[in-house]
Amino acid sequence: MIEDKRWKGVYSFEDSPFIMEILTELRDEKTGPIPFRKGLVKLGRYMAYELTKTMEVERVPIKTPLEETTGTIVKDRRNVVIITVLRAAIPLMEGLIKVLDHARVGIVSASRGKAPKFEIEMRYVKVPQIREEDTVIVADPMIATGSTLIKVLEEVKKYGKAKRYVIVGVLAAPEGISRIKEAHPDVEMFVAAIDRELNDHGYILPGLGDAGDRAFGAP
Ligand code: URA
């Protein structure tokens, strides 16, 4: 996990060969929907595991069948809300929840309109009440213009103040990260990699194409 020097609290996993191998398969245009979805689930699982390294832990007394000793529990893992941004985040959430198995889950349907305005439409919002001990994880594979995530975070913040707000994604464009950090400086971001730039249609370059289309085989 590497903190990018350009922003505070923005991490990529370019130092993890295994995460990079999964990303390579996702980027490859020859990868079909089934391995693409499986790759997103795998990434979700490993990124959640990495995220637990940044969580508060507690030492607890336990008894093995032989004697008393001290164990560790990841306290914050018990207080997680995962917000799934439809539709591409569904497989990512499936992976996240394998590690963060106590999580309460919110669903937000948010999609961006066409260039040049990229206006955000939010049609369905179902978010659990958020408590002060919660880590809110917003799962969205592609942090492109950042517009969707800015709106989703605005909405989610109406449900209570959390201990941490974290975006988990696969790829991010520098433009999107900067816009989100400007609107929500309290948000941390964990992505597999930070790519070069956006094209005129708001796609990340080199990217992996449209994550939702590729995961579900339906444009
Ligand atoms: N959403 C995607 O699925 N891909 C991009 O490159 C940008 C936004």
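Biologist: Which residues of α3 are buried?

Modeller: The buried residues of α3 are Ala89, Ile90, Pro91, Leu92, Met93, Gly95, Leu96 and Ile97. A residue is called buried if 20 or more other C-beta atoms lie within 10 Å of its own, exposed if 12 or fewer, and partly exposed in between, with C-beta atoms placed from the backbone. By that count, eight of the eleven residues of α3 are buried, and the helix is mostly covered. This is a predicted model: local features need pLDDT of at least 70, side-chain atom pairs count only at pLDDT 80 or more, and totals for chains, interfaces and linings use all residues. Residue numbers run from 1 along each chain as its sequence is written.

Biologist: What do the buried residues of α3 pack against?

Modeller: Packing is read from contacts: two residues are in contact if their C-beta atoms, placed from the backbone, lie within 7 Å. The partners of the buried α3 residues are α2 (33-52), β5, β6 (104-112), β8 (135-139), β10 (164-172) and α6.

Biologist: How many helices and strands does the protein have?

Modeller: Both are DSSP runs numbered from the N terminus: helices are H or I, at least four residues, and strands are E, at least two. Here there are six helices and 13 strands. The radius of gyration is 18 Å, close to the 17 Å from the globule rule for 219 residues, so the protein is as compact as a globular protein of that length. That radius is taken over C-alpha atoms, and the rule is 2.2 Å times the number of residues to the power 0.38.

Biologist: Where is Arg87, and which peptide bond there is cis?

Modeller: Arg87 sits in the loop between β5 (80-86) and α3 (89-99). The cis bond joins Leu86 and Arg87, with omega about -5°. Arg87 is partly exposed, having 15 other C-beta atoms within 10 Å. Leaving out residues up to four places away in sequence, Arg87 touches Gly212 and Phe216. Another cis bond runs from Leu205 to Pro206, with omega near 0°, and Pro206 lies in the loop between β13 (204-205) and α6 (211-216).

Biologist: Which residues surround the ligand?

Modeller: A residue is near a molecule if its C-beta atom, placed from the backbone, lies within 6 Å of it. The ligand has Ala88, Met142, Ala144, Gly202, Tyr203, Ile204, Gly207, Asp210, Ala211 and Gly212 around it. Six of this shell are nonpolar, three polar and one charged. Nonpolar covers Ala, Val, Leu, Ile, Met, Phe, Trp, Tyr, Cys and Pro; charged covers Asp, Glu, Lys and Arg; the others, Gly among them, are polar.
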